[in-house]
Amino acid sequence: MAPIQGAVTATDQVRAGAYRKVTLHLIPFIFICYLFNYLDRVNVGFAKLQMLDALQWSESVYGLGAGIFFIGYVASGVPSNLLLHKLGARKVIGTLMIAWGIASACLMFVTTPSAFYILRFITGMFEAGFFPGIVLYFTNWYPASRRGRIMGLFMSAIPISGLLGSPLSGWMMEFFADHHGLAGWQWMFLLQGIPTVVLGLLVYVLLNDGIPQAKWLSTEEKRLLLADLEDDERQRRAGANTVDSFASVLKNGQVWMLGLVYFCIQMGVYAINFWLPTIVKSLGYASPVTVGWISAIPYLCASIFMIWVGRSADRHKERRWHLSGPLLMALCGLMLATQAHGNVVIAIIGLSLATMGVLSGLPMFWPLPTAFLGSAAAAGGLALINSLGQIAGFVSPFLVGWIKDATGSTDVALYILSAVLLLGAMLVLRVPAKTVNR
């Protein structure tokens with residue numbers, strides 16, 4: 001007798017159990033790794049509260065140092081991901097984490113702008129392969145139909161790094177200030193760099209390069225998961241816009257357009273990450289601990305909203321409006337924050353909307369390129385798109401710092417960023433729905 005249509009079969013149950021195993025085995029650990037990856041990348045936003053006065057640096061020096069990280073990041077993005085594709089995730093990601101953890105901790109020793117620039121550049125080089133490498137890594141485990149919620153879970157580490165990292169960074173800077181002759185900001189770099197080195201060592205023990213190497217999956221579970229990936233690859237190849245080599249990636253206009261979309265998203269992301277503590281402090285809060293707790297509010301809202309949007313996108317099998325909608329919400333939030341005029345409640349509401357929008361845009365973006373990049377092109381293509389987007393990591397903090405030095409306010413910069421987010425939302429709607437809505 002044929003199974004009743006819509007009934008859950010034994011095979012479906014095995015498949016569902018296999019994906020639960022994969023998610024529980026991979027996501028919590030990778031989530032923690034990404035949390036420290038993002039914390040190490042943006043903790044200079046908190047260090048700035050003490051560092052600039054202690055070292056007598058200008059806002060422009062800070063903005064350039066915060067942004068130069070991404071010059072190293074962009075330069076190393078594609079080579080790092082191609083290396084990961086060749087050698088495997090465990091070796092490359094583990095080594096990169098150990099290296100950037102050490103480089104980030106060494107920021108505690110900087111005394112001159114040039115030393116600050118050099119260390120930030122080196123840290124960017126080592127971090128370049130992690131994020132696009134993890135996006136590529138997920139394609140070895142999950143078909144396109146499941147990646148929206150997985151990317152949402154994984155990338156919720158960004159707002160949670162702000163939610164936990166903001167008060168933690170403020171507490172470290174205040175509690176450890178002048179212990180053993182070191183300033184609070186120096187202790188913060190040290191105490192947030194050491195866990196990254198430890199996690200890098202654990203990568204060698206806890207991660208497998210793919211389904212065939214996973215001893216914790218049964219033979220039947222492996223067969224079903226690999227069949228899903230093969231079916232996903234067939235669907236992708238059936239699409240007219242499938243890109244199957246790195247040479248075709250470089251010639252594909254849609255890849256470059258998506259790189260521009262990602263640049264627009266990241267312009268908003270890094271404005272929030274690098275300048276949120278400064279904006280909160282300008283509302284009249286002097287204590288690093290108080291700034292940390294208030295800065296955590298937008299990240300708390302974003303961590304909840306991001307997961308909801310990811311589930312909604314997978315449930316409705318719709319990608320474009322689930323990305324452009326949050327970007328438009330972020331635009332409204334930034335505009336509201338500029339109109340707050342010292343009103344703390346209005347400013348925090350605006351900053352919360354902006355943070356929710358731009359951070360939710362990140363996991364909603366990545367199912368777009370993975371939907372049409374063939375397996376042969378994915379390593380280089382994802383890294384190229386990521387590198388184009390990360391140019392915003394240099395432009396955004398430097399632009400905001402330069403405008404703040406010139407005008408004494410961040411308002412003009414926030415208006416410019418709002419226009420950039422509008423451009424990104426409009427470009428997303430130009431992506432053919434049939435290409436990405438899976």
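In this predicted model, the count of aromatic pairs, meaning rings of Phe, Tyr and Trp whose centres lie within 6.5 Å, comes to 22. One of them joins Phe70 and Tyr73, whose ring centres are 6.2 Å apart and whose planes stand at 45° to each other, an arrangement that counts as tilted. Both partners belong to helix H3, which covers residues 59-87, and because they are 3 residues apart there, about one helical turn separates them. Phe70 has a relative accessibility of 1% and therefore counts as buried, and Tyr73, at 0%, counts as buried too.

A second pair is built from parts of the chain that lie further along. The ring centres of Trp100 and Phe130 are 5.4 Å apart and their planes meet at 75°, so this pair is edge-to-face. Trp100 lies in helix H4 (residues 89-105), whereas Phe130 lies in helix H6 (residues 130-138), and so the pair ties together parts that are 30 residues apart in sequence.

Elsewhere, the charged end of Lys48 is found over the ring of Tyr62, at 5.5 Å from the ring centre.

In soluble globular proteins, nonpolar side chains tend to be buried together. Here the largest nonpolar core holds 137 residues, and Phe131, Met155 and Trp366 are those with the most contacts inside it. Helix H12, which runs over residues 253-282, gives the most to this core, contributing 17 residues. If we set aside residues up to four places away in sequence, Phe131 touches Tyr34, Tyr73, Met151, Phe154, Met155, Tyr262, Trp366 and Asn386, a list that includes Tyr73, the residue already met in the tilted pair with Phe70.

Where do Phe131 and Met155 take part in a contact between helices? To describe two packed helices, one gives the angle between their axes and the distance between the axes. The axes of H6 and helix H7 (residues 144-155) come within 11 Å and cross at roughly 145°, and the crossing in which H6 passes H7 is right-handed. In this contact H6 supplies Phe131, Ile134, Val135 and Phe138, while H7 supplies Ile150, Met151, Phe154 and Met155.

Definitions and conventions:
Residues are numbered from 1 along each chain as its sequence is written. This is a predicted model: local features need pLDDT of at least 70, side-chain atom pairs count only at pLDDT 80 or more; totals for chains, interfaces and linings use all residues. Side-chain values use heavy atoms; hydrogens and water are left out. Rings of Phe, Tyr and Trp (its six-membered ring) pair if their centres lie within 6.5 Å; planes under 30 degrees apart count as stacked, over 60 as edge-to-face and the rest as tilted. Helices (H or I, at least four residues) and strands (E, at least two) are DSSP runs, numbered from the N terminus. Buried means under 20% relative accessible area, exposed over 50%, partly exposed in between (1.4 Å probe, protein chains only). A charge sits over a ring if NZ of Lys or CZ of Arg is within 6 Å of the ring centre and within 35 degrees of the ring normal. A nonpolar core is a set of buried Ala, Val, Leu, Ile, Met, Phe, Trp, Tyr and Cys residues joined through side-chain atoms within 4.5 Å. Contact means heavy atoms within 4.5 Å. Axes are lines fitted to C-alpha atoms, for helices over the stretch in contact, and angles run from 0 to 180 degrees between N-to-C directions. A crossing is left-handed if the near helix is turned anticlockwise from the far one by less than a right angle, and right-handed if clockwise.
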